[in-house]
Amino acid sequence: MDGFINFEKFRFDIDMDNGYNNFITEELILSPLYKKIKDFPKSILEMLPIENLKLELYCNKCRNKRIYTFATIGLDYYTIEMGPSFVSNQSSVSIGYEKMMKENQYFYCIAKADCGHNLIILFKIIDENTIMKVGQSPSIYDMNEEINNKTFLRELEKEYASYYKTACSLNSFNSNIGAMTYLRRIFEKLLLDCFDENSSEITLSKEDFTKLKMSEKLDNLRKFLPQIIFENGYNQVYSKVSDGIHNLSEEECAHLFIPLRMAIEEILIEKIELKEKKSRQEKLGKELQNI
Ligand SMILES: [Zn+2]
């Protein structure tokens, strides 16, 4: 990934005395790694370390917004100890603060939320006015409330739920070929799950089913999937996705992203609705037996 992130709205500044901060923001936390952030005034670094800055952010472990208190936003330097220290003090190599200022320099943010969970972000200083976020835990996907709070994600296995989150994040950064690759995997998996759940009613073997083109798989599963995903226009989506995402442009993938994402969501939401209907009917059945 290359290019710049443009925080046009911002003039980076932190004024702790007046409780003013437009540098450490939710937008910064949700911005991707390894993109250069321009117009960063080095004067912020002169104010480091900064402590006790508070920010409301999403915690995926608690599935809720929490207040994060930044314990430290600081510059750091490191010391590399080489060789057994008993040989000689000469074997220690120190890279001190001064050298770090001239060469690759980093700074970091460590925050603790009121729920007890932590956040750490590492930045690299590229030049006088440019920095780059080079590390973050939890990831930008886990810090994104909108992506994580979707109930239907619980219908996906953990691995596929994380594909969905990655796809949405990539889409939001305009990396749509990548985003579509993840969506396609999820969609293929849902078709296979649907085959497994209904295999007794399908005349094909699983081996033959997996060899089919996407549109042919859908034809075989038409009875078991939400009808909306067979509406006009979807055929074109499936044939383009099926032909190979690597042949499509970023722009084409951007157009296909929303319909395919919605097809996935429709399938998952219908699954939940069917489960709920089944459990309601079972409950009713038991009530009726007691009459
Ligand atoms: Zn938490």
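Reply: The axes of helix α9 (residues 234-243) and helix α10 (residues 250-289) come within 10 Å and cross at roughly 105°, where axes are lines fitted to C-alpha atoms over the stretch in contact and angles run from 0 to 180 degrees between N-to-C directions. Because angles of 65 to 115 degrees count as roughly perpendicular, α9 is roughly perpendicular to α10. On the α9 side the contact is made by Y234, V237, K240 and V241, and on the α10 side by L256, P259, L260 and A263; two residues are in contact if their C-beta atoms, placed from the backbone, lie within 7 Å. These residues divide into seven nonpolar, no polar and one charged, with Ala, Val, Leu, Ile, Met, Phe, Trp, Tyr, Cys and Pro counted as nonpolar, Asp, Glu, Lys and Arg as charged, and the others, Gly among them, as polar.

This is a predicted model, in which local features need pLDDT of at least 70 and side-chain atom pairs count only at pLDDT 80 or more, while totals for chains, interfaces and linings use all residues. Residues are numbered from 1 along each chain as its sequence is written.

As for the whole protein, it has ten helices and eleven strands, which are DSSP runs numbered from the N terminus (helices are H or I, at least four residues; strands are E, at least two). Among contacts between residues at least 6 apart in sequence, 59% join residues at least 24 apart. Of the 291 residues of the protein, 21% count as buried, that is, with 20 or more other C-beta atoms within 10 Å of their own, whereas exposed residues have 12 or fewer and partly exposed ones lie in between.

Key: Parallel < 35°, antiparallel > 145°, perpendicular 65-115°, else oblique.
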